[in-house]
Amino acid sequence: MSAVEAARRGDRDLLLGLAPATFGAGGAEPYAAALRNADNVLYLRRSRDGGLTAAATMDAGRWSADADDTDQRLLDGLTGPVLDIGCGPGRMVRAAMDRGLSALGIDVSPTAVRIAVDAGLSVLKRSVFDPMPLEGGWAGALLVDGNIGIGGDVTALLTRCAELLAPRGALLVEVSHDPARNERYDGRLEDASGLLSDVFPWAEVGVDALAGHATDAGLRIDHDWRLDGRWFARLHHA
């Protein structure tokens, strides 16, 4: 199922009083708990055939910390306005605002949004597939910390991002360490105490596979680079 189809299904779910599956939500809400306790480590597991496979470790504390040098380098050359998609507690929003840029973050987690707003940041509780301020006018948009996986359909997500970007806007994407990775799956978050989220659609993609998704979305990779163990790509309208 594509992310667009999932979003439509989510609308029907809301009409039925059900919440659509999103990153780390539902169940015991380990994502929300981790944001309230920055020492909490999270594990992203693949859900297959009713069981859980090996997990990737996520450092929740980094999401709540100040932007580091690698984060700051990502903002070089952006003039604003900047949209951080899946912003969490808002470290990249704060980094952009500290540079004097107009910036907005969006996240589907009420806890993340509340933390960011309480810190004085401009953040909305919203999905990237919802109506957005400045449609077609964002000079920069960010998909970092694995957020290229939102919705489990990379092409649909990039297509939506292309709609949000200004004609000369830039989309900055953090990709997998494996350039050929191109995987979509059902995931669950687990914390150190074993609390599990509901199942949600997710994806992982490397820079080589990203190129094909970008082409299908009307975008192109301008360049990519590795820094401090992370890999990024900068995309523009084709």
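Reader: Thanks. Where does the model come from, and what has been left out?

Author: The model is predicted, so local features need pLDDT of at least 70 and side-chain atom pairs count only at pLDDT 80 or more, while totals for chains, interfaces and linings use all residues. Residues are numbered from 1 along each chain as its sequence is written, and side-chain values use heavy atoms, with hydrogens and water left out.

Reader: Good to know. How many helices and strands are in the secondary structure?

Author: The protein has 8 helices and 11 strands. These are DSSP runs numbered from the N terminus: helices are H or I with at least four residues, strands are E with at least two.

Reader: And what's the strand order in the open sheet?

Author: The open sheet has 7 strands, in the order β5-β4-β3-β6-β7-β11-β10, with mixed pairing. Two strands pair if DSSP finds at least two bridges between them. At the edges are β5 (123-125) and β10 (219-227), each of which pairs on one side only. From one strand to the next, the twist averages 20 degrees.

Reader: Let's zoom in on β3 and β4. Parallel or antiparallel?

Author: Parallel: 4 bridges join β3 (residues 82-85) to β4 (residues 103-107).

Reader: Nice. Which strands does helix α5 touch?

Author: Helix α5 (residues 91-98) packs on the sheet and touches β3, β4, β5, β6 (138-143) and β11 (230-237). Its direction makes about 175 degrees with that of β4. Such angles run from 0 to 180 degrees between N-to-C directions, with axes fitted as lines to C-alpha atoms, for helices over the stretch in contact. Contact means heavy atoms within 4.5 Å.

Reader: And α7, what does that helix lie across?

Author: Helix α7 (residues 154-164) lies across β3, β6, β7 (165-175), β10 and β11, running at about 145 degrees to β7. The helix is mostly covered, with 9 of its 11 residues buried. Among the buried ones are V154, L157, L158, C161 and L164, and R160 is on that list too.

Reader: OK, what about β8 and β9? How many bridges join them?

Author: There are 6 bridges between β8 (residues 182-191) and β9, and the two strands run antiparallel. In that pairing, R184 stands opposite A203 of β9. Strand β9 (residues 200-205) is mostly covered as well: 5 of its 6 residues are buried.

Reader: Changing topic, I keep looking at A56. Which residues is A56 in contact with, leaving aside neighbours within four places in sequence?

Author: A56 touches L42, Y43 and L44. This alanine lies in strand β2. A56 counts as partly exposed because its relative accessible area is 34%.

Reader: Where does F129 lie?

Author: F129 lies in the loop between β5 and β6. With a relative accessible area of 22%, F129 is also partly exposed. The C-alpha atoms of F129 and A156 are separated by 9.5 Å, though the residues are 27 apart along the chain.

Reader: Now the backbone. Which residues does the cis peptide bond join?

Author: The cis bond joins G80 and P81, with omega about 0 degrees. P81 is in the loop between α4 (69-74) and β3.

Reader: What can you tell me about the phi of D145 and D228?

Author: Both values are positive, in residues other than glycine: phi is near 60 degrees for D145 and near 50 degrees for D228. Most residues other than glycine have a negative phi, and most peptide bonds are trans. D145 is in the loop between β6 and α7, and D228 is in the loop between β10 and β11.

Reader: Is D228 buried or exposed?

Author: Exposed, because its relative accessible area is 62%.

Reader: Last one: what share of the contacts with a separation of 6 or more comes from residues 24 or more positions apart?

Author: Those residues account for 63% of such contacts in the protein.

Terms used. Buried means under 20% relative accessible area, exposed over 50%, partly exposed in between (1.4 Å probe, protein chains only).
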